[in-house]
Amino acid sequence: MPLILMYITNNVKVASIADRYGVDRIWVDLEILGKEKRQQNLNTVKSNHTVEDITAIRNVIDKAELLVRINPLYEKTKREVEEVIARGADVIMLPMFYTAQEAKEFVSYVSGRAKTMLLVETIEAEKNLEEIAKVEGIDEIHIGLNDLHLAYHKRFMFQLLAEGNVDRMCQIIKRAGLPYGFGGIAKLDGGTLSARHIISEHYRLASSRAILSRSFYDSSRDDEEAVVEQIFQQGISEIREFEKRLKNETEQYFEQNRLRVQKEVAAIVKALEEKKND
């Protein structure tokens, strides 16, 4: 099965185009609690999405599922979940959690009315993953490399892929029988680490979900509709064609790609360290 591709936007024009050209999930991001502090001084997107955006996006997508990331658990989570469901979310994601008990609390609020997705992006959640993956009512898990690599004080998010953390987590989730994914990808030949290499790692690890990153398309840009259509039509088509080829690749290919990823990540980290020291 091809990867389920997810794209974050509250731009109704971009969401409609992404849906039309094969993005599987449009992602509205309500998470704001604690994010500014965690990602300060980094070139990351801090969400300005609102609950009203859920309704707006729901009204313009036909084929894609609507994914909503809520805030980490807090005193108003139950109310937040209720509104997200009422506005039409198909999948609800819980970020920045630590324990199986928190996962159980989240599942109890959703109560089977939408798919539940955990975002593993804390060291504690990684350490507790065996227990977390057994929580009844969890539908899928995504490994969030951005905040997790920050928690480990790594220079580059894909160090966790090169160093084996992602391998170990994928094996745990796979044994639990849950679908899973990790990280994000740019256009096929784009990204600091080539999307070709990352997608190949998804196939090696039997991952089935990936985020289309801001490097794929930045929805805050005010491009003409024809420009956005060309980017999504070509970009998605290229990814799908590459996936078709991967289905016929050998174990040797995937092992060589794994080693290539390790080598390229090491070079990227070295360059980042040298740049910081200049």
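Two rings of Phe, Tyr or Trp (for Trp, the six-membered ring) make an aromatic pair when their centres lie within 6.5 Å; planes under 30 degrees apart are called stacked, over 60 edge-to-face, and the rest tilted. By that rule, Tyr 7, Phe 216, Tyr 217 and Phe 232 are linked by ring pairs into a cluster. The model is a predicted one, with local features needing pLDDT of at least 70 and side-chain atom pairs pLDDT 80 or more, while totals for chains, interfaces and linings use all residues. Residues are numbered from 1 along each chain as its sequence is written, and side-chain values use heavy atoms, with hydrogens and water left out.

First, the overall picture. The chain holds 13 helices and 8 strands, which are DSSP runs numbered from the N terminus (helices: H or I, at least four residues; strands: E, at least two). Counting contacts (heavy atoms within 4.5 Å) between residues at least 6 apart in sequence, 70% join residues at least 24 apart.

Now back to the rings. The structure has 5 aromatic pairs. One of them, Phe 216 with Phe 232, is edge-to-face, at 5.4 Å centre to centre and 65° between the planes. Phe 216 sits in the loop between β8 (209-212) and α12 (225-246), and Phe 232 in helix α12, so this pair ties together parts 16 residues apart in sequence. Both partners are tucked away: Phe 216 is buried at 1% relative accessible area, and Phe 232 is buried at 0%.

Phe 232 also pairs edge-to-face with Tyr 217, at 5.9 Å centre to centre and again 65° between the planes. Tyr 217 lies in the loop between β8 and α12, so the pair with Phe 232 in helix α12 joins parts 15 residues apart in sequence. Tyr 217 is buried too, at 1% relative accessibility.

Elsewhere, helix α10 (residues 165-175) has buried residues that include Val 166, Met 169, Cys 170 and Ile 173. After α10 comes Gly 177, with a positive phi near 80°.

Conventions
Buried means under 20% relative accessible area, exposed over 50%, partly exposed in between (1.4 Å probe, protein chains only).
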